Amino acid sequence: VIITTRLLVSHLSGIRHYEKDITKVKEEKEKANRALKLTKPYQDKEQKEKEGKGIEKSDSVKPRKEHEGEVKSRNSKPGRRDKEFEQEEYYLKEKFESVIESLKIFKNDPLFFKPGDQFLYSTYGFTLLSAVVERVSGQKFTDYMLKMFRDLDMLSTVLDDNEAMIYNRARCYVYNKKGRLVNAPYVDNSYKWAGGGFLSSVGDLLKFGNALLYSYQAGQFKNTNGKLLPGYLKPDTVAMMWTPVPKTEVSWDRDGKYAMAWAVVEKKQQYGCCRQQRHYASHTGGAVGASSVLLILPEELDSEAIAAGLVAPPRGVIVSIICNMQSVSLNSTALKIAREFDKEKWAQ
């Protein structure tokens, strides 16, 4: 078979996640699909009631399961134990000197399916992707990334290195089997730098979101007489990254599809005066003792305002949330916040 970087970045490679048993993976996926079908009638009823009362629907759909253990349940307390985090490989303590070395964890395991046939979120797929970056760039993946973070002015974004003294590093927490809050166990994330090995701050993630949004919109501003600096990435590159890929799915947002390292919801409205679906990109993060989300809601730019030079990129709303608690669903909250800011802006 052939595995391309595009398949890796869209989780279509067939490389396993933390679960080694494909039968268990299929069973969990079937359970999730059944749960979605059972909740859909209630969600549809809730939506109709809101529309009947003239209330704008922000996000009544409850996601099934966010990647790496984020779970939503009406009756469960945020941060409760999740089966995903019962996988032993979440708690590896071995230190790897390079991402090439960490490939030994999964490189001899069989693929779960032929590359390109199915979607399976895989942290190890991104480990392999980071190994490609290491080989192509000729330098350690971590050095390559830290230089990029510096270019983006993300000076608080660093490796989650247990030995280093990191100013303002937060303590992380989990619930134990008895439902009590305890400190998160010791882990070494050197086996998955690309999939969950960096520490950051809300401010740095906002800078990252702004840089992407600026790059995405910069191409729409043609008549700037050279006053507009180019984006960190080409507009076409970000547009490609935010274009849904066939055969993918997003467990934490029923409206979305997976693109290239981002979950994307496309703009859509089927009927007049009915539900509108705005275009936005997001991604959640789940690790031992921590949860996060970054959501980017681009503004729908007015062509006349662009031509007149009345506005400049980036235009939109960016929401970043980080919490030092395991298994907390954040995408729905981030979307509600983004919509409130967007609504307030248009009201002005």
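**Loop residues in a predicted model**

Reader: Which side chain does the side chain of T157 make a polar contact with?
Author: In this predicted model, the side chain of T157 makes a polar contact of 2.7 Å with the side chain of D204.

Reader: And where is T157 placed?
Author: T157 sits in the loop between α5, residues 141-151, and β3, residues 158-159.

Reader: Is T157 buried or exposed?
Author: T157 is buried, because its relative accessible area is 6%, and buried means under 20%.

Reader: Which residues does T157 touch, leaving out those up to four places away in sequence?
Author: With those left out, T157 touches L146, F149, F198, L199, S200 and D204. D204 is also the partner in the side-chain polar contact.

Reader: Let us turn to D160. Where does D160 lie?
Author: D160 lies in the loop between β3 and β4, the latter covering residues 173-175.

Reader: Why does D160 count as buried?
Author: D160 has a relative accessible area of 18%, and the cut-off for buried is under 20%, so D160 falls in that class.

Reader: What polar contacts join the side chain of D160 to others?
Author: One of 3.2 Å joins the side chains of D160 and R169. Another, of 3.1 Å, joins the side chains of D160 and N189.

Reader: Which residues does D160 touch, again without those up to four places away in sequence?
Author: D160 touches R169, N189, W193, G197, F198 and L199 on that count. F198 and L199 are also among the residues that T157 touches.

Reader: Where is D153 found, and how accessible is D153?
Author: D153 is found in the loop between α5 and β3, which is also where T157 is placed.

Reader: What about phi of C273?
Author: C273 is not a glycine, yet its phi is positive, at about 60 degrees. C273 lies in the loop between β8, residues 263-265, and β9, residues 280-287.

Reader: Buried or exposed, in the case of C273?
Author: C273 has a relative accessibility of 87% and therefore counts as exposed, as the class requires over 50%.

Reader: Lastly, which form does the peptide bond from P313 to P314 take, cis or trans?
Author: The bond from P313 to P314 is cis, with omega near -5 degrees. Most peptide bonds are trans. P314 itself is placed in the loop between α9, residues 303-308, and β11, residues 316-323.

Definitions and conventions:
Residues numbered from 1 in each chain as written. Predicted model: local features only at pLDDT ≥ 70, side-chain atom pairs only at ≥ 80, totals over all residues. Heavy atoms only, no water. Helix = DSSP H or I, 4+ residues; strand = E, 2+ residues; numbered from the N terminus. Buried < 20%, exposed > 50% of the residue type's maximum accessible area, 1.4 Å probe, protein only. Polar contact = N/O pair within 3.5 Å; in protein donor to acceptor, adjacent residues only side chain to side chain. Contact = heavy atoms within 4.5 Å.
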